Amino acid sequence: MTDRILIIDFGSQVTQLIARRLRELNVYCEIHPFQNVTDGFLAEYAPKAIILSGGPASVTDEGSPRPPYSIFETGIPVLGICYGQQVMMHMLGGQVESGHKTAEFGRAYVSPGAESLPLLEGWFSEGREQVWMSHGDHVSAIASGFEVYGTSPNAPFAITGDAARNFYAVQFHPEVHHTPNGRRIYENFIDLAGCKRDWTMGAYREEAIEKIREQVGDKKVICGLSGGVDSSVAAVLIHEAIGDQLTCVFVDHGLLRQGEAEEVVTMFRDHYNMQLIHADEQDLFLGALEGVSDPEEKRKTIGRLFIDVFQKHANEIDGAEFLAQGTLYPDVIESVSFSGGPSVTIKSHHNVGGLPEKMGLKLVEPLRELFKDEVRRLGVELGLPKHFIGRHPFPGPGLAIRCPGEITRDKLDILRQADAVYIDQIRRHGLYDEIWQAFVAILPVRTVGVMGDGRTYDYACALRAVTSVDGMTADYYPFSHEFLGETATRIINEVKGINRVTYDITSKPPGTIEWE
């Protein structure tokens, strides 16, 4: 079995970053909310080490989150981060106090203690280290057996450790970008735990294939193939495991980008030799969207029809017992959040929501342990073309939400052409991989223009390009004026129906990435 580290989540906004840092170091780990971590769970999971995450609670409050005390009796290394440090000190006999005077938020600098610690190998080589603090409470007395290995102006116990028991605790967040040398702490912790760094996409691929075969047996699987990265990687992985037992249903709703439907059909039916149903339902979707301008009504209409169409074609497959979805690890984490809140709503038209229950199907979710960047790496491992794997995100409702106001076939054709020119420009200038997402929105207004000696009265469009890490926040991409001028000229000259081009420089928040 692959060595694995358990991350006990107390609700930090950056807990997922801990997992990403460990996986980047080729160590498998999972995040589990504190209330799910029982003595029985620990015995079954058998981690090589445990990390206690940060969190918004105060250990001085009655009923504040706690891990089971048995984590300190397992004999494995434990690392506490921020709230994790405080709860460790509190449970092992130290003291934690609340108070604004010693709160720290943002950049801080930690200086070394009198002695060194294996956890800090490679730290303090040039004196103090920059870290990122985010705490209101503070440790006022460390537990017996611990020593101080680092201090900051407002955190006299910024780094503490009990080397004999392999217990370590830091008040800052080594997982965030603003702790530049934080990765080294995780590397050292992995070494202290004796973890082998053998968790690779090649190993995951083989393990996932065996799991799929074991789960499915000789039964049939249907997969809703959107043409996006997640469903595509899931489909190729499942097909590698069970071959023709898999049938993909590709619903073509007429709201895809230029040439996209043909690319999907060619790739999966011809190149991968998959059983593929190309459900060309453009007339159905565009007919139902005629006269609809409200964004939410558009989404609901598309979602309802998607499920109807998918079910109609899936019913043609005799003996199907499983439904494949491209669910990712962030969806899983959020659905079992430490607060016990409801799961994140996954758009029904994108992940065929509701269908497993309606059709009596069991789920196959081979990507549910992976982050988005890991899915892309798995796609490369599976041989999917790099240009396809590296494509920008595309919304489930497609071009419907890039066409504010009423949707018509003419507007969609104009939008496709303009978007193709824009993306071609970005690729020509070598900027595609620097940008998280880029697209054109056709605006529900016509403007007066002059072309040659004639007057035009055509649509305006908006270019959108953003940089982001996870899509939760985003900033506009700073194109040069030369690039924007050249792109606007190309779109107006090459796309009949547009005579004015604008560039959207709104960040998220306050705006969203998509226009609707």
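Helices (H or I, at least four residues) and strands (E, at least two) are DSSP runs, numbered from the N terminus. With that in hand, here are some close-up views. This is a predicted model, in which local features need pLDDT of at least 70 and side-chain atom pairs count only at pLDDT 80 or more, while totals for chains, interfaces and linings use all residues. Residues are numbered from 1 along each chain as its sequence is written, and side-chain values use heavy atoms, with hydrogens and water left out.

**View 1. Confidence along the protein.** Let us start with pLDDT, the predictor's confidence in each residue, from 0 to 100. The protein has an average pLDDT of 88, and 92% of the residues score at least 70. Over residues 338–353, pLDDT stays under 50, and the model has 36 contacts (heavy atoms within 4.5 Å) beyond four places in sequence for them. Where pLDDT is low, the predicted coordinates should not be read in detail.

View 2. Lys508 and Pro509 are joined by a cis peptide bond with omega of about -15°. Another cis peptide bond links Pro509 to Pro510, with omega of about 10°. Pro509 lies in the segment after strand S20 (498–503), and Pro510 is found in the segment after S20 too.

View 3. Ala46 is a residue other than glycine with a positive phi, near 50°. Look for Ala46 in the loop between helix H2 (39–45) and strand S3 (49–52). Is Cys82 buried or exposed? Cys82 is buried, with a relative accessible area of 4%, whereas Ala46 counts as partly exposed at 48% relative accessibility. Here buried means under 20% relative accessible area, exposed over 50%, and partly exposed in between (1.4 Å probe, protein chains only). Cys82 has a positive phi near 55° and sits in the loop between strand S4 (78–81) and helix H3 (83–92).

**View 4. Aromatic rings.** Rings of Phe, Tyr and Trp (its six-membered ring) pair if their centres lie within 6.5 Å; planes under 30 degrees apart count as stacked, over 60 as edge-to-face and the rest as tilted. The whole structure holds 17 aromatic pairs. One of them is the edge-to-face pair of Trp123 and Phe124, at 5.5 Å centre to centre and 90° between the planes. Trp123 and Phe124 are both buried. Elsewhere, one aromatic cluster is made up of Tyr422, Tyr476, Tyr477, Phe479, Phe483 and Tyr503.

**View 5. The second largest pocket.** A pocket is an open set of points on a 1 Å grid over the protein atoms alone, with protein on both sides within 12 Å along at least five of seven lines; lining residues have an atom within 4 Å of a point. Grid points are joined across faces, edges and corners, and a volume is the space filled by probe spheres set on the points. The second largest pocket holds about 440 Å³ of space. Its lining has 23 residues, and Tyr28, Lys211, Glu365, Arg368 and Glu369 lie nearest the centre. Strand S2 (28–33), helix H5 (201–216), helix H10 (329–335) and strand S16 (362–364) each give two or more residues to this lining. Which element gives the most to the lining of the second largest pocket? H5 does, with 6 residues.

Methods: 1 Å grid on protein atoms, 1.4 Å probe; cavity = no way out; pocket = protein on both sides within 12 Å on 5 of 7 lines; lining within 4 Å.
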